[in-house]
Amino acid sequence: MQHYFIGQKLRLNEEIALPTDIYQHAVTVLRMKIGDQFELVDSARKTFVVEICKLEGKSAAAKAIKELDADNEMPLGITIACGVPKNDKKADLVIEKGTE
């Protein structure tokens, strides 16, 4: 299921207008239609299953139909140990790959 982020708070059974970037990807690229569902994470980091309920021109609306109890954080801590590289560029590469 597709997963998007939105900068506003959602409530169950609330209808919201989809932002342009989400509309572009969901409707234009993935060709979603009325009745298709995806996950939307709001500004309070709550995850909702939403369903597209309106498609009008270049805009769409979706309704929050279910709130998920999703904890997206890893359940354990990770420690990365690395020797100090001689070259500064290698240190940047170690940090980059460690965060991936």
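1. Strands β1 and β3 run parallel and are joined by 3 bridges. One of the residues involved is Tyr4, whose bridge partner in β3 is Leu40. This is a predicted model, and the points below should be read with that in mind.

2. The pairing of β3 with β4 is antiparallel and extends over 5 bridges. Val41 has Thr47 of β4 as its bridge partner, and Gln37 has Glu51 of β4. The two strands make a hairpin, with 5 residues between them. As background, strands of a sheet pair through backbone hydrogen bonds, in either the parallel or the antiparallel sense.

3. These strands belong to an open sheet of 5 strands, in the order β1-β3-β4-β5-β2 and with mixed pairing. β1 and β2 (15–17) are at the edges with a single partner strand each, so one side of each has no neighbour in the sheet. From one strand to the next, the twist averages 40°.

4. Helix α1 lies across β1, β3, β4 and β5. The helix runs at about 165° to β1.

5. A search of the whole structure finds 1 aromatic pair. The ring centres of Tyr4 and Phe38 are 5.3 Å apart and the ring planes are at 90°, so this pair counts as edge-to-face. The cut-off behind that label is an angle of over 60 degrees between the planes. The pair links distant parts of the chain: Tyr4 sits in β1 (residues 3–5) and Phe38 in β3 (residues 37–41), 34 residues apart. Tyr4 and Phe38 are both buried.

6. The largest nonpolar core has 18 residues, and those touching the most other members are Leu18, Phe38, Leu40 and Val50. At least two residues of the core come from each of α1 (20–29), β3, β4 (47–56) and β5 (59–68). α1 gives the largest share, 4 residues. In soluble globular proteins, nonpolar side chains tend to be buried together.

7. Which residues is Leu40 in contact with, leaving aside its neighbours within four places in sequence? The list is Tyr4, Phe5, Ile6, Leu10, Ile16, Ile22, Lys46, Thr47, Phe48 and Val50.

8. Is β3 mostly covered or mostly open? β3 is mostly covered, with 4 of its 5 residues buried. Helix α2 has 12 residues and the number buried is 0, so α2 lies largely in the open.

9. The length of α2 (residues 88–99) can be checked. At 1.5 Å a residue, its 12 residues should span 16 Å, and the end C-alpha atoms are 17 Å apart, which agrees.

10. Most residues other than glycine have a negative phi. Asn13 is not a glycine, yet its phi is positive, near 65°. Asn13 lies in the loop between β1 and β2 and is exposed, with a relative accessible area of 54%.

11. Arg45 likewise is not a glycine and has a positive phi, of about 65°. Arg45 is in the loop between β3 and β4, in the turn of the hairpin described in point 2. At 68% relative accessibility, Arg45 counts as exposed, the cut-off being over 50%.

Technical notes:
Residues are numbered from 1 along each chain as its sequence is written. This is a predicted model: local features need pLDDT of at least 70, side-chain atom pairs count only at pLDDT 80 or more; totals for chains, interfaces and linings use all residues. Side-chain values use heavy atoms; hydrogens and water are left out. Rings of Phe, Tyr and Trp (its six-membered ring) pair if their centres lie within 6.5 Å; planes under 30 degrees apart count as stacked, over 60 as edge-to-face and the rest as tilted. Buried means under 20% relative accessible area, exposed over 50%, partly exposed in between (1.4 Å probe, protein chains only). A nonpolar core is a set of buried Ala, Val, Leu, Ile, Met, Phe, Trp, Tyr and Cys residues joined through side-chain atoms within 4.5 Å. Contact means heavy atoms within 4.5 Å. Two strands pair if DSSP finds at least two bridges between them. Axes are lines fitted to C-alpha atoms, for helices over the stretch in contact, and angles run from 0 to 180 degrees between N-to-C directions. The expected span of a helix is 1.5 Å times one less than its number of residues.
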